[in-house]
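Here is a friendly briefing to read alongside the model. Have the viewer open and follow the residues as they come up.

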Amino acid sequence: MKSRLLLSAFGLFFSLFVSAGAALGTKDSAHPLKYSVAPAPEWTDLFKRSHGWFGADGIFSVPLSGVDKNNNLGNESTLLLFSDTFIGEVSDGKPLPGYTMVNNSIAYFKGNNPDPKNIRFYYKRGKDDKPASIFVPEASTAARPQHFWLGDGFVNKELEDQLYLFAYKVERTGPGVFDFITPEVSIIAIPRASNPPFAEQRQIPTSLHIRNDRLGEGNFGAGVWVNTRWAGAPVPDGYVYVYGCVGKDKNVVAARVKPKDFEILPSWRYWDGNGWNQNKDALKPLTNGASDELSMTPLPDGRFLLIFQVMGLSDKVGMRIAESPVGPFSEIKEIWTGPEWKEGLWTYNAKAHFNLSKPGELLISYNTIKDDFWNAIKKDADIYRPRFIRLKFE
């Protein structure tokens, strides 16, 4: 999530620079991975807009077929999830008077070709016809106002193809940009074939907020990996893995559950360093130095690739190789230095989009923002939207 990152990231960033053409191995370096990284301007330009939706953070991608694999040509539609979103008209690079911000929005993307004709953005319209958030916490009241920032999600083919999304409840604690807390996580369940604004949605309260004396505070929902045969996983074990990012060290933690039991919270198990524990307080970190939004994707050789922004907020996109969905992990390799940082933009929350990637590649996004974005957006509508790079495997 954007603002929580900005609060804690400065002073935590550490430099582990490695050039983009390097070889990456696991801890024993027995099987190095050779790669190169380059911009993906056709994807970046897809989100440079002057009408309606013109900026947001987040951008999780959920294949609505339920199949999440490289070069997913059979997937006709991908749901894109955004958190804080600007909506209005843009002229000469500046928003015109009357633009507004809502707390979440979505888009549908057809196929795998980044053509503007293939994407449609959606947000809700209020009674006054003004833009509004699609997802609003049912518990929100005038005395305790809340809104949702969105995490990752997936389509569960073992529960009637329902769409499940993680949603963080946000409460403001003061007038400042960074005056807020995220004390709870909900799961939003949406029936198959439901259309925005998803009137049929169910909001499921959970215990997936983490407050741990050893690790710190955070939330599950930072990334989801569906390691099942029906999802297209190359080495399936039948579980849904859900990741979180916790504390000032940006610790990555994991939970898993069988897809059929996804709504049964007592069936969830949490990685304790040795195995899967029913007690959430027994959590042990898989690794650290990651970001509040991240991704785990498989490699052809059975290993996994964790993509993230180094320490949440920095100019570096990082990756680690894992031997399994819970490690062990390689050291961080910094695969990209965001040029936007030198232009005065902060970069954060990198993640991969496996379903939208071509064979032998991994499409990766990261977000940009300025420290005083409430005022900066008035002068430049282009500061707050996803940027994309492409990781190519040799």
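**Overall picture**

Of the 394 residues in the protein, 57% are buried (under 20% relative accessible area, with exposed meaning over 50% and partly exposed in between, for a 1.4 Å probe and protein chains only). This is a predicted model, in which local features need pLDDT of at least 70 and side-chain atom pairs count only at pLDDT 80 or more, while totals for chains, interfaces and linings use all residues. Residues are numbered from 1 along each chain as its sequence is written, and side-chain values use heavy atoms, with hydrogens and water left out.

**Size and make-up**

- The secondary structure comes to three helices and 27 strands; helices (H or I, at least four residues) and strands (E, at least two) are DSSP runs, numbered from the N terminus.
- Along the principal axes, the C-alpha trace spans about 60 × 45 × 45 Å.
- Among contacts in the protein with a separation of 6 or more, 58% come from residues 24 or more positions apart, where contact means heavy atoms within 4.5 Å.

**Nonpolar cores**

- The largest nonpolar core has 51 residues, and those with the most contacts inside it are F166, L208, F220, Y243, F262 and W268; such a core is a set of buried Ala, Val, Leu, Ile, Met, Phe, Trp, Tyr and Cys residues joined through side-chain atoms within 4.5 Å.
- Elements giving two or more residues to this core include β11 (147-156), β12 (162-172), β13 (180-190) and β16 (216-227).
- A second, separate core of 19 residues includes V37, I321, A352 and L362.
- In soluble globular proteins, nonpolar side chains tend to be buried together.

**Strand pairing**

- Six strands form an open sheet in the order β15-β16-β17-β18-β19-β20, with antiparallel pairing; two strands pair if DSSP finds at least two bridges between them.
- At the edges of this sheet are β15 (209-212) and β20 (276-277), each pairing on one side only.
- Four bridges hold β15 and β16 in antiparallel pairing, and I210 stands opposite G218 in β16.
- Elsewhere, β7 (residues 105-110) is mostly covered, with five of its six residues buried.
- Strand β4 (residues 77-91) runs antiparallel to β7 and is joined to it by six bridges, with L80 opposite A107 in β7.
- Strand β8 (residues 119-122) is also antiparallel to β7, through four bridges, and Y122 in β8 is the bridge partner of I106.

**Aromatic rings and charges**

- The whole structure holds 29 aromatic pairs; rings of Phe, Tyr and Trp (its six-membered ring) pair if their centres lie within 6.5 Å, with planes under 30 degrees apart counted as stacked, over 60 as edge-to-face and the rest as tilted.
- The ring centres of W149 and F180 are 5.4 Å apart and their planes lie at 70°, so the pair is edge-to-face.
- This pair links distant parts of the chain, with W149 in β11 and F180 in β13, 31 residues apart, and both W149 and F180 are buried.
- A cluster linked by ring pairs takes in W43, F47, W53, F82, F109, F121 and F388.
- R256 lies over the face of Y239, 3.6 Å from the ring centre; a charge sits over a ring if NZ of Lys or CZ of Arg is within 6 Å of the ring centre and within 35 degrees of the ring normal.
- The charged end of K351 sits over the ring of F60, at 4.7 Å from its centre.
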